[in-house]
Amino acid sequence: MGRIPLAWFNLVNERTRLLVAVAGVAFAVLLIFMNLGFLGALTTTASTIYSQIDAEVFLSSPQSLEISSTRVFPRERLYQAAGVEGVDRVMPFYSEYLLWRNPETGNSRAMFVYGINPRDPVFLMPELQEPTAREILRRPNTVLIDSLSRPEFGPQTTGLETEAGQRQVVIGGQYTLGGGFAADGTLIMGDQNFRRFFAPRPLNQINLGLIKLAPGANPDRVADTLRSQLPQDVQVFTKAEIIANDERFWLQTTSIGFIFGLGVVVSFVVGTVIVYQILYTDIRDHLPEYATLKAMGYRNYYLFQVVLQEALLLAGLGYIPGLLTALLLYDLTVNATAGSLPVSMNWGRMIFVMILTFAMCSLSGLISVRRATSADPADVFS
Amino acid sequence: MENNVGMITPSGGATTLAPAQDQSLQPPNPDLAVQIQHLDYFFGSGDLRKQALFDINLALPRGQIVIMTGPSGSGKTTLVSLIGALRTVRQGSLRVLGQELVGLGERDLVTVRRNIGFIFQGHNLFESLTARQNVEMSVELTGQFNTKRAQAEAMLGKLGLADRVGYKPNALSGGQKQRVAIARALVNHPQLVLADEPTAALDKQSGRDVVTLLQTLAREEGCTVLMVTHDNRILDVADRIINLVDGRLASDTSPDGYLQANAAVTC
Ligand SMILES: Nc1ncnc2c1ncn2[C@@H]1O[C@H](COP(=O)(O)OP(=O)(O)O)[C@@H](O)[C@H]1O
Ligand SMILES: [Mg+2]
């Protein structure tokens, strides 16, 4: 038979307090999960667009920040790159915001528009692989609409006509991409339409240059060659580099990244304070018992263990409901945002938050344990 | 030291001055469970320093049941907590079960405590544990995990609580709780039991029962008992009665002698 699990008995003896403590820990765990979930969605969406573009090397203006805030640069640079060894194909890429009118409510809202040459196999989405897609993009004033665009943009049925940027526009079909934090909705149009909608913008000024490599070519090496050959008015990225660039933009230079990062820290502190509060009250109420233990001949080390065990038990008991609620809210978020805010759980985050939870509770345990070990055994007689 | 000497009033009777103390110590006597010589004790420090015990000299032979009485605030609890190794002592000599406590650090004091059974006025049982588990907490200190349950139940049985082992303190009466506390104190067969007003929170009858049980078990185990009490009705369980007044030992008699002396005062 082992030791009497005094920590456990102390915890369950006060049901209400245990419930409050577990709820407190679970709440902190939930907050941490939500903030990390949003942070994760932020980085996921930052890479979504690139993972759907069939190119290995990207050119952009040095003044561009991320996909939705780019500056234009001469298309000439792209043609220069075409001559470099290992380059199979170069494709211009245009982007711009466009006010889209919801035909049902009459309200306009900004869509993010990608413009491509219909001949170029820019996108990897299955809908864009259909031969009809190319034909649709050639039709005047016809666009493809992102089915993950917010419902506020209105119906997305093929053939629907509405107004965008003072022009009549027809929905020619749909694709599934998601605009993430940068855009509430996206459109794809052919370059000739792009020129019409955004006149007088010329097509020889592009937002991104997409470079598809020949099979077997090394993207890093080609990117290096391009860097040495192209003038300073363009930046060269591999796919991994441009994704990292956009992630860095969102995480480090926007308030969004800061808010969620701060959210994690605040949740951790709140959790620590809650657990400390609970443990402290618990220790205060059991102080005569701790003094008695010392009078009987137990050492501080034992009291230390009891308090730490209580803290770890709280961590374990609070983590599970926190995780389950977080999974529920993740689902809810994905549904509420029609899939455009892809918060999703992964093992790494589950383990990371579990470690955070145990750290949180241990920290509170360590702060409050001094109260328990300060119990004076001589007090038992008074 | 100056302060110490200054606080001993001439009427105190304890006239041995500090420098001479060490020379006047008796050698350790193995027949004594407790051997106290020239023990002073102070609370606080600096201006707030207050002497609670003055030159206590006391020897408790093994197996003796001793009752300590005295007015409130006379230092009884302080003396018991010193003998119980619950406070560090710096002056005089205090031998408990052969071990000198003066000068011992916290670590060694804890070891001494494991050989002593404590019974408190507030029973100080763990509300979250059953009677048996409370007693087992004591046995666990000895590392006897395999037999702890049997030992706890046997001791509770001796105290008439065989049918209450699974009850939590909340479900027990005051007398039953105090008997659980006695079981906890005695289960490791300590050679010394210290009790501070164990009957104060009990009614007359259960107080009497508890003390009688304690006496019987102590005799069985041959252990020394030092019990503080104000309760005149239970003095007869003692072999000896000592009286503490204002931090000094005022009398040391047999129960009969004590009763006669007190009767003389009240008449
Ligand atoms: N922790 C303490 N700090 C300061 N003074 C104390 C403390 N405990 C007891 N005293 C003082 O020591 C004296 C003896 O107290 P105590 O031993 O509790 O007496 P008794 O148990 O006989 O009632 C009293 O004057 C009391 O005020
Ligand atoms: Mg007292």
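In this predicted model, the residues of the shell around ligand 1 divide into three nonpolar, six polar and two charged. The shell is made up of B:F43, B:K50, B:A52, B:P71, B:S72, B:G73, B:S74, B:G75, B:K76, B:T77 and B:T78. Polar contacts to ligand 1 involve both backbone and side-chain atoms of the protein. An oxygen atom of ligand 1 lies 3.1 Å from a polar backbone atom of B:G75. In the side chain of B:T77, an N or O atom is found 2.6 Å from an oxygen atom of the ligand, and for the side chain of B:T78 the corresponding distance is 2.5 Å. Of the 550 Å² of accessible area that ligand 1 has on its own, the protein covers 61%. Two or more residues of the shell are given by each of the elements β2 (50–61) and α3 (76–83) of chain B. The element that gives the most is α3(B), with three residues.

Salt bridges were examined next. Over all chains, the structure holds 25 of them. In chain B, the side chains of B:E136 and B:R132 form a salt bridge in which the closest N and O atoms are 2.7 Å apart. Both residues belong to helix α5 (residues 131–140) of chain B, where they are four residues apart, about one turn of the helix. B:E136 has a relative accessible area of 2% and is therefore buried. B:R132 is likewise classed as buried, because its relative accessible area of 15% is under 20%.

B:E220 lies in helix α8 (residues 204–221) and B:K158 in helix α6 (residues 148–158) of chain B, so the pair ties together parts that are 62 residues apart in sequence. B:E220 is exposed, as its relative accessible area is 53%, whereas B:K158, at 41% relative accessibility, counts as partly exposed.

In chain A, a salt bridge is formed between the side chains of A:D285 and A:R284, at 3.5 Å from N to O. A:D285 has a relative accessibility of 36% and so counts as partly exposed. A:R284 is also assigned to the partly exposed class, with a relative accessibility of 44%.

Terms used. Residues are numbered from 1 along each chain as its sequence is written. Chains are lettered from A and ligands numbered from 1 in the order in which they are written. This is a predicted model: local features need pLDDT of at least 70, side-chain atom pairs count only at pLDDT 80 or more; totals for chains, interfaces and linings use all residues. Side-chain values use heavy atoms; hydrogens and water are left out. A salt bridge is a side-chain nitrogen of Lys or Arg within 4 Å of a carboxyl oxygen of Asp or Glu. Buried means under 20% relative accessible area, exposed over 50%, partly exposed in between (1.4 Å probe, protein chains only). A residue is near a molecule or strand if one of its heavy atoms lies within 4 Å of it. A polar contact is a pair of N or O atoms within 3.5 Å; within protein, one must be able to donate a hydrogen and the other to accept it, and residues adjacent in sequence count only if both atoms are side-chain atoms. Accessible areas come from the Shrake-Rupley method with a 1.4 Å probe; for residues, only the protein chains shown count as cover. Ala, Val, Leu, Ile, Met, Phe, Trp, Tyr, Cys and Pro count as nonpolar, Asp, Glu, Lys and Arg as charged, and the others, Gly among them, as polar.
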